[in-house]
Structures are given as C-alpha cells and as structure tokens.
Amino acid sequence: MKKFVMAALGGTMAGAIATTQVAGPLLAQESASSATVYEQLDLFGDIFERIRNQYVEDVEPGELIEAAIDGMLTSLDPHSSYLSPDDAAQMQVQTRGEFGGLGIEVTQEEGFIKVVSPIDSTPAAEAGIEAGDFITHVDGESMLGLALDAAVDRMRGPVGSEIIITVVREGESEPFDVSIIRDTIELQAVRSRTQGDTVVLRVTTFNDKTTPNLVSKLEEEVETLGGMNNVNGFVLDLRNNPGGLLTQAIRVSDAFLEKGEIVSTRGRDPVDGDRYNATPGDLAKGKPIVVLINGGSASASEIVAGALQDHRRAIVVGTKSFGKGSVQTVMPLRGDGAMRLTTARYYTPSGRSIQALGVSPDIIVEQPRRSPTTEEEDEPASAVGPRTEGDLRGSLDNDSLTDDQVRQIEEDRAKAQAAADLREEDYQLAYAIDILKGLNALGPVEDDRQASSK
C-alpha cells in the first residue's frame with residue numbers, strides 16, 4: 001500500500017512537472033504574441049501622428065481612422081468592409097427595397113470593379129451594362145487599386161446627374177465609355193407574367209419585399225390562367241439576381257419545398273453553425289419548376305437554386321452562377337457606423353459549398369448575343385416565306401375538320417409562333433418553357449401506364 005501511494009504521488013508530481021514544462025512555453029508564446037500586437041499598435045500610432053503632422057495637406061483624423069479600419073476589413077476578403085454612418089443607413093434603405101444610384105451590384109477582382117449583375121429596369125441595365133463587365137474608370141478617373149466602398153462612393157451622386165464609366169468587356173477589343181444618368185432605384189423584388197400555360201416569376205433581389213411579392217404575384221398569375229389545373233409549371237428566373245437577405249432566400253426556397261434542409265451555415269467555431277429546414281406547404285402544388293441562372297446569379301440566388309436542385313424539386317437551366325458562398329453579418333458599431341464581416345460559409349442540402357465554384361446548371365444553355373442584321377439580310381426572309389400545300393393554286397380543301405377543330409389548329413399555330421418569337425427575344429427562357437411543355441406532355445402517358453398496372 002505504501003508503495004502504491006508513493007507511486008501515485010510520483011505520478012502526480014511527474015504530471016505537475018510535465019504540465020509546467022508545456023504551459024511555460026505556451027504562456028511565453030502568448031506573452032510574446034501580445035507584445036508583438038502592442039508593438040504594431042504603437043507603430044500604427046506613430047504613422048498616424050506623422051501623417052497628421054507631416055503630410056503635404058491637412059487631413060481629417062476621423063477619416064484616417066475610418067480608412068484604416070476599412071483597409072483592415074477589406075484585406076480579409078472582397079465582402080468584408082467598414083460602413084460609415086451614412087453607408088450603414090443606406091444599406092438599411094436598400095434592404096427595404098429603395099435606394100439611389102446606378103442599379104448595379106459590384107465586387108472587386110484583380111484591383112478592378114467587376115459587375116456582378118445589373119438590376120432590372122435601372123439606369124445601368126437600360127444603358128446596356130452586363131454581368132461580368134469591368135469598370136476601369138469613373139468620369140475619367142482610374143478605379144485600379146481603389147477600395148470597393150470608395151469606388152462605390154465615386155459612382156454615387158445626386159439623382160439626375162450624369163456619370164461616365166469606362167467598361168472592359170470580354171469579346172470587345174477595346175474599352176468603351178457608357179453614359180448613365182443616376183436615378184432613384186425602386187426595386188420591384190418580383191415581376192411576373194404568363195407565357196402560354198407557364199407562370200414566369202422573375203426575382204430581381206432578395207429584400208424584405210421578396211417573399212410577400214412572390215406569393216401575391218404567383219397567386220395573381222394562377223388566377224389569370226383559371227386555376228392551378230391550367231398551369232403546366234413555373235419558371236423561377238434568378239438570372240442577374242445579385243442576392244440579398246439570407247432570411248429571404250430561405251423563405252423563397254421554403255415556398256416550394258415540403259420538407260428537408262434548405263441551407264446550412266458553418267463558421268470558424270463549429271458551435272456557430274446553423275441549419276435551416278423547410279416547413280410543409282408547396283406554393284406550386286407540386287407543379288414542375290425550372291430555375292434559370294447565369295453568371296450574375298449570386299449569394300441568395302445560389303442558395304435557392306442549390307436547394308431546389310439538391311431536392312430535385314426543380315431543373316436548373318442556364319450557365320454557372322457567380323459563386324459567392326459566404327455569409328456576411330452586419331454588426332453595429334459606436335457612432336452609428338457598422339462593420340460587415342464574413343462570418344460563415346453556406347452549404348447546400350447535399351453538403352456542397354459553392355464558394356468560388358458556383359451552382360452548375362443541370363442543363364447548360366447559353367444566351368446568344370444579339371447580332372444586328374442588315375436590311376439586305378431581312379428582305380429575302382420577309383419577301384419569300386415558307387410554302388405549303390395550301391399555297392398551291394387549285395389545292396384541295398380539307399373537308400374532314402369541323403370549324404372548332406380548325407379554330408383549335410389555328411390557336412395551336414399561334415402558340416407555336418409565340419414560342420418561336422420568344423426564342424428570338426430570350427432563348428434561355430424559351431428553353432425553360434419548352435422543358436415544362438415536355439414534362440407535361442409525358443405526364444398523361446405516365447398516368448395511363450400507372451392506371452393500367454393497377
């Protein structure tokens with residue numbers, strides 16, 4: 001027993017010695033790290049004072065501090081930044097769906113400002129700005145190396161004032177200037193229309209109005225078609241949608257899902273992760289859905305597309321999305337300012353991160369660039385149309401059809417012509433509608449087969 005007690009004490013002493021030997025260097029390292037941080041803060045203070053006292057012009061100390069804070073945040077990633085009191089107030093206005101500016105969502109890439117997407121029916125969209133454009137100059141002043149928020153400030157200005165931006169675009173050999181008149185941007189979060197028997201829902205942004213607008217627009221269009229039985233499916237158009245509120249992306253996804261995970265977020269600390277699940281209730285009542293995306297679909301748009309794709313609730317059509325798979329948290333600061341900090345990555349229900357990769361469509365469909373046609377090219381097509389049996393002199397009449405059948409054929413021809421016209425106007429949307437027509441054409445065949453097997 002005495003030997004056992006001595007052995008136990010020896011073990012305790014050895015443990016104490018071992019702990020001291022490990023903890024000692026760790027404490028020393030932490031102390032050295034703290035000393036280095038304080039030395040760097042002293043260095044910052046020295047530089048700050050030298051700028052104040054020796055810079056060629058007088059500078060506002062508050063502006064220097066804000067610039068230093070913003071530089072620290074923007075060095076982390078393109079989406080973290082400092083928001084001055086004015087910027088913080090402006091951001092709150094944007095989430096409510098109305099703000100002043102050009103109407104573009106931008107990010108920073110290789111020192112230049114890159115357009116994520118133009119917003120529908122805004123000055124930038126009407127001026128022809130496209131997703132993927134690089135803005136190199138504003139009013140002749142270079143944007144190279146300028147912080148993102150500073151570049152955005154340069155593009156802001158009084159409503160009605162003119163701004164000239166220099167654009168570099170893939171496929172264009174030379175940069176070109178675009179003149180835009182600034183305006184108040186009133187976002188219509190959701191636009192809708194019917195195309196034949198299809199309801200097209202165009203979601204332009206994810207703000208506080210998105211989900212209520214989506215519900216009301218969908219119900220209006222379904223009622224226009226005479227009820228859900230007359231609807232062959234829905235197109236959810238997320239092209240050039242730069243994103244917005246995570247909560248709205250979750251609600252829009254939930255609107256078309258009965259159950260299952262919508263998205264998960266994971267921060268640096270595992271305990272900070274969250275999972276968001278769908279609740280029962282499908283706004284589309286099980287009707288097929290096609291989601292349209294392109295390189296301008298970012299953030300919240302990618303959450304919706306990824307969730308519906310992973311649950312096989314929708315077919316995703318278009319081109320690869322932007323690839324912004326991070327979550328920013330806006331944290332209020334003293335003095336009414338705020339800090340936008342990247343705090344997590346988000347993952348689709350299958351566990352894939354789309355950061356820098358984007359959502360890949362199930363069917364890749366490029367949108368053809370419009371090429372101007374000359375009058376000489378148009379004249380032959382308009383002068384000589386396709387000839388049919390009915391155009392021949394003395395051809396026999398078809399006496400096997402009733403008036404109602406002839407009228408139905410004419411209506412079907414008109415629908416086919418409308419579809420052809422849509423392909424000229426918006427090839428991707430026409431493709432999505434064709435998919436829904438195909439799915440509905442197969443539906444009755446499947447039903448008959450099931451009925452015969454019972």
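At 25% relative accessibility, D310 counts as partly exposed, where buried stands for under 20% relative accessible area, exposed for over 50%, and partly exposed for what lies in between (1.4 Å probe, protein chains only). The side chain of D310 meets that of R352 in a salt bridge with an N to O distance of 2.8 Å, a salt bridge being a side-chain nitrogen of Lys or Arg within 4 Å of a carboxyl oxygen of Asp or Glu. This pair links distant parts of the chain, since D310 sits in helix α8 and R352 in the loop between β18 (338–347) and β19 (363–364), 42 residues apart. R352 is likewise partly exposed, with a relative accessible area of 26%. Helices (H or I, at least four residues) and strands (E, at least two) are DSSP runs, numbered from the N terminus.

The model is predicted, and local features need pLDDT of at least 70, side-chain atom pairs count only at pLDDT 80 or more, and totals for chains, interfaces and linings use all residues. Residues are numbered from 1 along each chain as its sequence is written, and side-chain values use heavy atoms, with hydrogens and water left out.

A second salt bridge joins R313 to D282, with the closest N and O atoms 2.8 Å apart. Because R313 lies in the loop between α8 (300–310) and β16 (314–318) while D282 lies in the loop between β14 (274–277) and β15 (289–293), this pair ties together parts that are 31 residues apart in sequence. Both R313 and D282 are buried. In another pair, the side chains of K114 and E109 meet in a salt bridge at 3.4 Å, N to O; here K114 is buried, with a relative accessible area of 17%, whereas E109, at 30%, counts as partly exposed. A search of the whole structure finds 14 salt bridges, and a network of them links D120, R191, R202, D237, R239 and D426.

Strand β12 (residues 233–237) and β15 pair in the parallel sense over 4 bridges, two strands being counted as paired if DSSP finds at least two bridges between them. Strands of a sheet pair through backbone hydrogen bonds, either parallel or antiparallel. The open sheet has 6 strands in the order β10-β11-β12-β15-β16-β19, with mixed pairing, and its edge strands, β10 (190–195) and β19, each pair on one side only. β10 and β11 form a hairpin with 2 residues between them, and G196 in the turn has a positive phi of about 70 degrees.

Which helices lie across strands of this sheet? Helix α6 lies across β10, β11 (198–203) and β12, running at about 20 degrees to β10, where axes are lines fitted to C-alpha atoms, for helices over the stretch in contact, and angles run from 0 to 180 degrees between N-to-C directions. Helix α8, the element that holds D310, lies across β12, β15 and β16, running at about 130 degrees to β16.

Helix α6 (residues 210–224) also packs with helix α7 (residues 246–254), their axes coming within 9 Å and crossing at roughly 25 degrees. That makes α6 roughly parallel to α7, given that angles under 35 degrees count as roughly parallel, over 145 as roughly antiparallel, 65 to 115 as roughly perpendicular and the rest as oblique. In this contact (heavy atoms within 4.5 Å), T210, T211 and L214 of α6 meet Q248, R251 and V252 of α7.

Elsewhere in the chain, F44 has its place in helix α1 (residues 2–54) and, at 38% relative accessibility, counts as partly exposed. Leaving aside residues up to four places away in sequence, F44 touches I65 and A68; the C-alpha atoms of F44 and A68, 24 residues apart along the chain, are separated by 9.4 Å.

For the protein as a whole, there are 11 helices and 19 strands, and of its 454 residues 35% count as buried. Among contacts with a separation of 6 or more, residues 24 or more positions apart account for 66%.
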